[in-house]
Amino acid sequence: MAEKTISLGNADSGVDFDVMSGTLGPDVIDIRKLYGATDQFTYDPGFTSTASCESKITFIDGEEGVLLHRGYPIDELAEKSDFLETCYLLLNGELPNKAEKDKFVHDITYHSMVHEQLALFYRGFRRDAHPMAIMVGVVGALSAFYHDSTDIDDPHQRMVASYRLIAKMPTIAAWAYKFSIGQPFMYPRNDLSYAEDFLHMMFAVPCEDYKMNPVLSRAMDRILILHADHEQNASTSTVRTAGSSGANPFACIAAGIASLWGPAHGGANEAVLNMLGEIGDISNVASALERAKDPDDNFRLMGFGHRVYKNYDPRAKVMMATCHEVLDDLGINDPLLELAMELEKIALSDPYFVDRKLYPNVDFYSGIILRAMGFPTSMFTVIFALARTVGWVAQWNEMIEDPSQKITRPRQLYTGETERTFIPVDKR
Ligand code: CMC
C-alpha cells in the first residue's frame, strides 16, 4: 500500500517511515515501528493527529463539510434512502437490491422483541433514573440473555448479535421512557417500519389506537439516518477499544452508550435545549454569546463547534429543513426555535465563532425537532444511541475482521515521581 516514505530524525539517526494513502483524506505516516527504531513515542492527547485504524465505512472532510457513508453523501441518503437501507449499506458496504432489502427488513423486524425476563430487569431501576443510565445497564445485560451470539470469532454469531442490537434498541429505548412515566411497555409491531415502531412503542398506550403521523415518522427516520455513523468519534473509538480485547458485542455497545452520554458528544442535543431554556429570550442572546467567548467562563454554546467539521455540519442542514417540516406540520410556533435561529445568525457573523470556524452541528436542531415530536429532553441522547448502534456495530465488525487489529494499548508521557522508597505510616 505504501508508495512513499518519510524520514524523521537527523541524517545520522533518521528513520524512514512508510506513508500510506487512502482513497480520500490525508495521507498517514505509519509509525508502528517508531518505538522499536527510536525508543520514542508520539504524544497526541485526544488523538487530534492520529488515525487509530483503517476503515472503509465513513468518510468526513471537515473543511468542506462532507460526510459520506460507503461513498454516498449523507444528504442523498437522508433524502432518498431510509434508515434500514442505510443500516444495510453501513454493515455490508453496498446498497441492497430489492430482495436483499426485503430480507434485511424482515430479519431486523423479527428480532425486535426482547427476552421477557429483560422486562423485569427495568424494575431494578429507580423511576427517576436517567434513561441513558438504563440504556447502559440493559444493553450491557443483553450479554446475559443472548449467549448464543457472543462468540466473536464466529461470523454468523457476530451477524446475529449485530441484528439483535439494531433490532432491539428501539424496544429497549422506548421501555426506558415508559418505565420512567409509569406506563405499560408496548411490544413491537411487525407491521410498522423501524421508525414508526419506535414512535408507537414510545407514545402508544394499550387502551387506544395510536395514529401514525407520516411527517413525524419520516422525520424520525431521517434523524436516525443522520446519526447512523460518524467514523472514529469518541463512542465509536470506545466500542473499538472495548472490542479490541475480545469483549462480547453487547458489552462493547454498552461501553459506546456510556461514552456517548457525555455533553461534549451525544449529550449535546439535550444540553442545547437546556441552554436555550436558560437563555430564555432573544434579549439575552448577546450576553450568552459574551459568556461563550469569555476564556474564564466555561460556558460554551452547545450545538456549536466540532472536532472535525470546520464548516457547516452537512447533517445540520438536513436537520434544519426537517425541523421546519415538523414544526409546520404540527403547527407549532416554538419560541425556542426562534431563539435558536437568532443565536445561529449572530454567532455565524461574530468574529470569535468565524475565526474558530465554529458552526452549528447536528445537535443544534435535533433537540428542537424531538421536543416538538413529544420526546422529553432526557430521551434525546437515547435516540442518538439508538441511531448510532448500527455505526458502532459496523465498525466493531470491521475491526474484528481486520487482520492488523491489536488490543488498543496506548502509551504515555510519564511525569510522576521517579522511584522512591516506601515509608511506613508511623514515619510519615
Ligand atoms: N462555544 C464557545 N467556544 C467554543 C465552542 C463552543 N461551543 N467550541 C469550541 N470553542 C472554542 C474553544 O474555546 C477554543 O477557543 P480558543 O482557541 O480560544 O481556546 C476553540 O474554539 C477550539 O475549541 P476546542 O475545545 O479545542 O475544540 P475541540 O475540537 O476540542 O472541541 C467540541 C470540539 C465539539 C467538544 C466543542 O466544539 C464543544 O464543546 N462544542 C459544544 C458541545 C457540542 O455541541 N458537542 C456536539 C458535537 S457534534 C455531535 C457529536 O459528534 O457527538
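This is a predicted model: local features need pLDDT of at least 70, side-chain atom pairs count only at pLDDT 80 or more; totals for chains, interfaces and linings use all residues.
Residues are numbered from 1 along each chain as its sequence is written, and side-chain values use heavy atoms, with hydrogens and water left out.

**Ligand shell**

I searched for further polar contacts (pairs of N or O atoms within 3.5 Å; within protein, one must be able to donate a hydrogen and the other to accept it, and residues adjacent in sequence count only if both atoms are side-chain atoms). The side chain of R307 has an N or O atom 2.8 Å from an oxygen atom of the ligand. For A264 I found a backbone N or O atom 3.3 Å from a ligand nitrogen. I listed 18 residues around the ligand, of which H265, R300, L301, G303 and R307 come nearest; a residue is near if one of its heavy atoms lies within 4 Å. By class, I noted eight nonpolar, six polar and four charged residues in this shell. Ala, Val, Leu, Ile, Met, Phe, Trp, Tyr, Cys and Pro count as nonpolar, Asp, Glu, Lys and Arg as charged, and the others, Gly among them, as polar.

**Second largest pocket**

I next took the second largest pocket, which holds about 260 Å³ of space. On a 1 Å grid over the protein atoms alone, a pocket is an open set of points with protein on both sides within 12 Å along at least five of seven lines, whereas in a cavity a 1.4 Å probe fits but cannot get out; lining residues have an atom within 4 Å of a point. Grid points are joined across faces, edges and corners, and a volume is the space filled by probe spheres set on the points. Of the 13 lining residues, L91, N92, M159, N397 and E401 are the closest to the pocket centre. Helix α7 (155-181) is among the elements that each supply at least two lining residues, and α7 gives the largest share, five. Helices (H or I, at least four residues) and strands (E, at least two) are DSSP runs, numbered from the N terminus.

**Cavity**

I found one cavity of 30 Å³ or more. The largest cavity holds about 90 Å³, and its lining includes L84, T109, P170, Y194 and D197. I assigned at least two of the lining residues to each of α4 (98-109), α7 and α8 (194-203).

**Strands and loops**

I traced an open sheet of three strands, in the order β4-β5-β6, with antiparallel pairing. Strands β4 (58-61) and β6 (72-73) are at the edges with a single partner strand each, so one side of each has no neighbour in the sheet. Two strands pair if DSSP finds at least two bridges between them; β5 (residues 66-69) and β6 have two. H69 has Y72 in β6 as its bridge partner.

I also checked backbone angles. F47, not a glycine, has a positive phi of about 50° and lies in the loop between α1 (34-38) and β4. E231 has a positive phi near 40°, in the loop between α9 (214-226) and α10 (234-244).
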